[in-house]
Amino acid sequence: MSWPDLFNEGIDDLATTLATISGLRVVTNPKDINPPCVFINAPTIDAFNYNIARMEVPVDVITLGPASLDALRDCLRIVAALLAKNVAVTDARPAVFEVGSQSYASYRVTIPMQVQTA
């Protein structure tokens with residue numbers, strides 16, 4: 001199904017950009033989470049008017065295994081790849097991401113973006 005509004009198109013554009021990072025699996029639907037991957041979570045939205053808005057998109061960098069040094073380093077490697085892609089990461093914070101009854105090491109990254117209609 002196509003969602004041709006400025007917010008969904010913004011999420012799709014972000015997913016497309018992140019998917020160009022070699023070896024990175026990008027997920028927009030929580031049922032598809034299978035670490036290691038990045039999950040584009042629900043954004044917060046500040047609207048300026050009917051066709052211009054600012055979104056802050058939380059992106060969860062999720063890696064395999066428990067919160068060990070190897071998991072931390074893998075998360076940091078992925079966060080560095082996001083920055084190298086010239087995506088506007090404003091902060092990254094360590095976290096634990098739960099999928100069902102399984103806990104994974106993760107980083108919550110915030111990516112601000114402006115969206116607008118043509």
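Start by selecting Cys75: this residue is buried, with a relative accessible area of 1% (buried means under 20% relative accessible area, exposed over 50%, partly exposed in between, using a 1.4 Å probe and protein chains only). Before you go on, know that this is a predicted model, where local features need pLDDT of at least 70 and side-chain atom pairs count only at pLDDT 80 or more, while totals for chains, interfaces and linings use all residues. Residues are numbered from 1 along each chain as its sequence is written, and side-chain values use heavy atoms, leaving out hydrogens and water.

**Stop 1: the cysteines**

Search the whole structure and you'll find zero disulfides (a disulfide is a pair of cysteine sulfur atoms within 2.5 Å).

**Stop 2**

Now pick Thr63, in the loop between strand 4 and helix 2. Helices (H or I, at least four residues) and strands (E, at least two) are DSSP runs, numbered from the N terminus. Thr63 is buried, with a relative accessible area of 3%. Leave out residues up to four places away in sequence, and Thr63 touches Pro35, Pro36, Ala71, Asp74, Cys75, Tyr104 and Ala105 (contact means heavy atoms within 4.5 Å).

From that list, click on Asp74, which is found in helix 2. The side chains of Thr63 and Asp74 are joined by a polar contact of 2.5 Å. Such a contact is a pair of N or O atoms within 3.5 Å; within protein, one must be able to donate a hydrogen and the other to accept it, and residues adjacent in sequence count only if both atoms are side-chain atoms. Setting aside neighbours within four places in sequence, Asp74 is in contact with Pro36 as well as Thr63.

**Stop 3: the strands**

Switch to a cartoon view and find strand 6, which runs antiparallel to strand 4 and is joined to it by 11 bridges (two strands pair if DSSP finds at least two bridges between them). Look for Ile62, whose bridge partner in strand 6 is Ser106. Strand 6 also pairs with strand 5 (residues 91–99), in the antiparallel sense, over nine bridges. There, Val96 has Ala105 as its bridge partner. The hairpin of strand 5 and strand 6 has two residues between the strands, and Gly100 takes a positive phi near 65°.

**Stop 4: two rings**

Which kind of pair do the rings of Phe39 and Phe97 make? The structure holds one aromatic pair, and its rings, in Phe39 and Phe97, have centres 6.1 Å apart and planes at 70°, so the pair is edge-to-face. For the cut-offs, rings of Phe, Tyr and Trp (its six-membered ring) pair if their centres lie within 6.5 Å; planes under 30 degrees apart count as stacked, over 60 as edge-to-face and the rest as tilted. Phe39 sits in strand 2 and Phe97 in strand 5, 58 residues apart.

**Stop 5: the core**

Finish with Leu14, one of the residues touching the most other members of the largest nonpolar core, which has 25 residues. A nonpolar core is a set of buried Ala, Val, Leu, Ile, Met, Phe, Trp, Tyr and Cys residues joined through side-chain atoms within 4.5 Å. Apart from this core lies another, of seven residues, including Cys37 and Phe39.
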